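Subject: Structure handover and findings

Hello,

Here is the structure I promised to pass on. My notes follow below it.

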Amino acid sequence: MRYSRLFLPTLKENPAEAEVVSHKLMLRAGMIRKLASGLYSYLPLGLRILRKVEKIIREEMNRVGAQELLMPMVQPAELWRESDRWERYGKELLRFKDRHHREFCLGPTHEEVITDLVRGEIRSYRDMPLNLYQIKTKFRDEIRPRFGLMRGREFIMKDAYSFDCDYEALDTTYGKMHKAYSRIFERCGLDFRPVEADTGSIGGEASHEFMVLAETGEDLIACCTECNYAANVELAPVRVLADKVEPLEPGWDMEKVNTPGKRSIEEVSIFLGIGPDTLVKTLILLADGDEPVAVLIRGDHELNEVKLKRFLGVEELVFADDEAVRLITGAPPGFAGPVGLDSVRIVADQCLETMTDFVIGANEADAHCVGVNWGRDLPRPEFADIRVISPEDPCPVCGGGIELRRGIEVGHIFKLGIKYSEAMGASFLDARGRKRPIVMGCYGIGVGRTVAAAIEQNHDENGIVFPVPVAPFQVIISPVNVKDSDIMEAAEKLYGQLAELGIEVLLDDRRERPGVKFKDADLIGIPFRITVGRRLKEKNEVEIKTRKTGDSIVVSRDKALESIREMLSSACP
């Protein structure tokens, strides 16, 4: 490809609308353009990268025996009602009616469609295992689309669905897909971690997210420093140490003290001269609409809403507003406590079970209670692991250290079990002729998100630093003076030779200054740049620069091909 013929409208400045690195650089590098909120067009350079990721995905899916198909994006409402997700999925599901007033939605995912497809075709255990996948546009009506391709409304996704006779077979399929996903992200040249995760709106019995590690990631991951354990903090259990199981004897009598205007943990701690770990904060939440729950968390800890939902067995949790807090506790926000909440369910984090002489809100304005103890001053509530794991906690598997790292979710795999097959009547006859529900798995990869994550993880002050496997071109040739016939003849020859070898090469044949060409090459992230200029005229040499390291080597023109081939070979995982 010749640069002069490439539709590549680069920008010199960061667009004001862009917040994260990948969004800024993809706009600046002429890879995407915004149509409307959360909707983007892929320009030629961006599409080349997208297709490279898709190619890697297809190869690894085919390698584990998955078969590609293509399903409609428009889905009938009755399928979603069968699975009981039509109302429960929420406002992200874009619903509409056709001219005959029949209800449809734009598919955010395809569990219902694929289940409907296979229930009409699978009859016997002999028809399984079966694994089907597609690479297709999805739509989720995000309330606040942001970060470019990281959280758009329309996006390209690879989704696969497996069908097995039993859970043992599902475990085998799930393991194969887990390995396939690892190979996909390894081949894309990404630093990633598979982590245990919550199943969310997809549902099912277990899941893993594949996280690309990047400081700009929205998700927080708990990683062990000594073993391979990793989990999204939403799911990571907190391990109770043996030396903290037995509570200490109370040392104080409970006393109510005035704390005028001191509402926050920090304000109360400073006012009373104590640490935040001595306070117990009382959070009032409403479960599934209107059922109040008082949740007790140590002052220096953070509530984990996913864990709490699971413990309560509810679909929805929201924090009560100020008016509801007053109605439920009789106190203004900041002074709520478990005192006198006899008609409200109270759940406390497990670490509070052994606390003594702690501080709580007094359930009246400008007052707290100090020296509070279970049993003597308060009835013991329900205790559960309902907080976010912290670096001070041990690994839940081996007891080693925990570090929290940022990650970008690019893939998610689920053990669906019989959630959809049972609800939608997708069954088969086993070897004994018994009718049983099909056991399913679900496996997704955000294709555009993977491209964005690669940029978030690989960039510098000059632009994108693409890993070789997903770069739009592997090599760019930059002749410093296109008016010089000797320079252009050498550049053209190298261009033709590289292309014949199957190497993806871009020839920058524009009538631009060398500095402009070099800046653009760095911006769009091409791994290797061959500069044809003064050295050619003097010593028949060219310069090869590696984008990732910034290192340059000078080789004779005759050895340039061999050098590039060696560099590409060592750079591909």
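Which residues in H2 meet which residues in H10? Ile-49, Leu-50, Val-53, Glu-54 and Ile-57 in H2 meet Val-447, Gly-448, Thr-450 and Val-451 in H10. Here "meet" is contact, with heavy atoms within 4.5 Å. By class, this contact has six nonpolar, two polar and one charged residues. Ala, Val, Leu, Ile, Met, Phe, Trp, Tyr, Cys and Pro count as nonpolar, Asp, Glu, Lys and Arg as charged, and the others, Gly among them, as polar.

First, the ground rules. This is a predicted model, in which local features need pLDDT of at least 70 and side-chain atom pairs count only at pLDDT 80 or more, while totals for chains, interfaces and linings use all residues. Residues are numbered from 1 along each chain as its sequence is written, and side-chain values use heavy atoms, with hydrogens and water left out. Helices (H or I, at least four residues) and strands (E, at least two) are DSSP runs, numbered from the N terminus.

**Helix packing**

Two packed helices are described by the angle between their axes and the distance between the axes. Axes are lines fitted to C-alpha atoms, for helices over the stretch in contact, and angles run from 0 to 180 degrees between N-to-C directions.

H2 and H10 (residues 447-457) cross at roughly 115°, and their axes come within 9 Å. That makes H2 roughly perpendicular to H10 (65 to 115 degrees; under 35 is roughly parallel, over 145 roughly antiparallel, the rest oblique). The crossing is right-handed, meaning that the near helix is turned clockwise from the far one by less than a right angle.

H2 (residues 44-63) also packs on H5 (residues 167-187), at about 155° with the axes 9 Å apart. H2 and H5 are therefore roughly antiparallel to each other. Their crossing is right-handed. On the H2 side are Ile-56, Ile-57, Glu-59, Glu-60, Met-61 and Arg-63. On the H5 side are Met-177, Ala-180, Tyr-181, Arg-183, Ile-184 and Arg-187. The residues of this contact divide into seven nonpolar, no polar and five charged.

Arg-51 is partly exposed, at 43% relative accessible area (buried is under 20%, exposed over 50%, partly exposed in between; 1.4 Å probe, protein chains only).

**Strands**

Five strands form an open sheet with mixed pairing, in the order E16-E14-E15-E17-E20. E16 (317-319) and E20 (382-384) stand at the edges with a single partner strand each, so one side of each has no neighbour in the sheet. The twist averages 35° from one strand to the next. E14 (residues 280-287) and E16 pair antiparallel over three bridges; pairing needs at least two DSSP bridges. Leu-285 has Phe-319 in E16 as its bridge partner.

E10 (residues 206-213) is largely enclosed by the rest of the structure, because six of its eight residues are buried. E10 pairs antiparallel with E9 (residues 192-196) over five bridges. E10 also pairs antiparallel with E21 (residues 402-417), over eight bridges. Phe-210 takes part in both pairings: Phe-210 is the bridge partner of Pro-194 and stands opposite Gly-411 in E21.

His-110 lies in the loop between E6 (103-106) and H4 (111-119). His-110 is buried, with a relative accessible area of 0%. Beyond its neighbours within four places in sequence, the contacts of His-110 include Met-71, Gln-134, Asp-159 and Tyr-161.

Best regards
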